[in-house]
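Here is a quick tour of a few spots worth a look in this structure. Keep the 3D view open as you read.

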Amino acid sequence: MSGAPIPTSEAQRLMALAYYGILDTPREPQFDRIVRLAAHLLRMPVATINFVDQARQWSKASVGLNQTTADRRDSFCAWTILHDQPTVIEDARHDPRFVNNPMVTGDPHVQMYAGAPLIMPSGQRIGTLCVTDDQPHPLSPEDLQALQDLAAIVVNELELRAYQQRLNLSLDAQREHSVELQRSLEQAQALSSVHQLFDLDLEPRDTLLAVTSVLAEALEADQAGLCRTQGDEIELNVSHVRSTLPSGQQVVPSGSHEVITALGLHLTDTPLYIDDLKTYATQRGVLMGDEVTQLAVIPAGREPDSVTQLLFTRFVGHPVPTWRAADRSLLEATGRAAQQMIDHRQARAWARRDALTGVLNRRAFDADFAALTEVPFTLALLDLDGLKRLNDTQGHAQGDKLLRIFAAALAAELDRSGEVYRYGGDEFVVIADPTSDDHFLEHVDAAVLAARQLSPLVGVSVGVAQSGETDRGALLALADTRMYDSKRRRSARRP
């Protein structure tokens, strides 16, 4: 299952949605009447008015369903807003887009879905009026026409609601509303840029530094950066400083590490928004200056050995006195996306690892070898001699330990000069910086000595080939031939 494509005019669509100010508002009778009427006319157990936000689907009114939010990735309505005509799913259980959808496999067990887009006068589709059933429920053309007519009534109600709100605004309030709309557009564009950064194949640290810089502009933050905690070590990195900020003001002033530790900011696993940092610190017995007044700390990823937070600050006298609801939504959406990025990259990394030894696996070798450029390199094929005999005499558990120790020792010996891959069974492949046969064999001998601390290892047969000796397709075969020549020579010398 995959989420619906993002519309090409997503930023404008989100701006239109923000214009109506409908998200997260209480129930209103005019919308409740429409869903009741839809459920009655179409003989459906569930009818809902949904709005599709940046990362979620939110329900303004519903009949037969208590849930008000869902991930946009799981949203049926995210598909409906791609077209002007109604979307009908006769049986979601057999539709490849929805077969694994949690709303299909679990409560409310959607089988049949029909939705009509809410098309605003601007042409933007911001949501839907939809009906669902947990069993087959064919609809006639007249039913679909009724659904579209009711969706048009929803649009009229939204327009009327927006008009009434505008009438209630003073001229100053109208200016502020315009500013908020512009801010909503800027933040929608910022979030779009953030997602594009997450799609790039960069190191997580570099990605997050770029992300905080983008967000700092949208949030009007004075400064922004990262806090990365690994064990007892805290690393702070600045990504953004407002250009008009006095040069003496810094996001990481002297003593910041101690303040962060004393307040436990590096340990928070939920978003933290502080509008008066000095008072917040004083209440916890921590003394600090009054330069920074607002601080936002957003968890942005937990890895096996570290935790990262995004930091945003505003200084005393900032024209925006608090962290606004829109600010928080933008930051928390980014924090969730950051954790998803890290989880995805960890999953990809583990898919390249051999489960037994922890070094890279054959799939990783095939990909890396195919991607090698014309830069010179050394390729070596290794085979552990006598492993079968060890498995037969001391058991496979002992043989597995030997493989793990040898692989770890060889990887440590090569360090950053080469990568170790388990090619299969007792065979390993190494791709390394150009090196002589003798120098490479020294690394292998050191790994053999480490393995022999656990159990006798007869030795390792090695075949080394240099990238310039033959074309890429024949290089592995050349190393393999030399390895078996080495194995025959070693076998001939043994009594």
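Predicted model: local features only at pLDDT ≥ 70, side-chain atom pairs only at ≥ 80, totals over all residues.

Which residues of α5 are buried? They are D143, A146, L147, L150, A151, V154, V155, L158, R161 and A162.

How well does the span of α5 agree with its number of residues? Helix α5 covers residues 141-167, and at 1.5 Å a residue its 27 residues should span 39 Å.

## Ring on ring

Searching the whole structure turns up nine aromatic pairs. One of them is F76 with F98, a stacked pair with 4.2 Å from centre to centre and 5° between the planes. This pair ties together distant parts of the chain, 22 residues apart: F76 is in the loop between β3 (69-71) and α3 (77-80), while F98 is in the loop between β4 (87-89) and α4 (102-105).

Both partners are tucked away from the surface by the numbers. F76 has a relative accessible area of 4%, so it counts as buried, and F98 is buried too, at 1%.

For another geometry, look at F369 and F377. Their ring centres are 6.4 Å apart and their planes sit at 90°, which makes the pair edge-to-face because the angle is over 60 degrees. F369 and F377 are both buried. They also belong to a cluster, linked by ring pairs, made up of F365, F369, F377, Y421 and Y423.

## A closer look at T357

Where does T357 lie? You'll find T357 in the loop between α10 (325-351) and α11 (362-371). Is T357 buried or exposed? Its relative accessible area is 11%, and the cut-off for buried is under 20%, so T357 is buried.

The side chain of T357 makes a polar contact of 2.7 Å with the side chain of D354. Setting aside neighbours within four places in sequence, the residues in contact with T357 are L403, R404, A407, R422 and F428.

Terms used
Residues numbered from 1 in each chain as written. Heavy atoms only, no water. Helix = DSSP H or I, 4+ residues; strand = E, 2+ residues; numbered from the N terminus. Buried < 20%, exposed > 50% of the residue type's maximum accessible area, 1.4 Å probe, protein only. Polar contact = N/O pair within 3.5 Å; in protein donor to acceptor, adjacent residues only side chain to side chain. Contact = heavy atoms within 4.5 Å. Phe/Tyr/Trp six-rings, centres within 6.5 Å; stacked < 30°, edge-to-face > 60°. Expected span 1.5 Å × (residues − 1).
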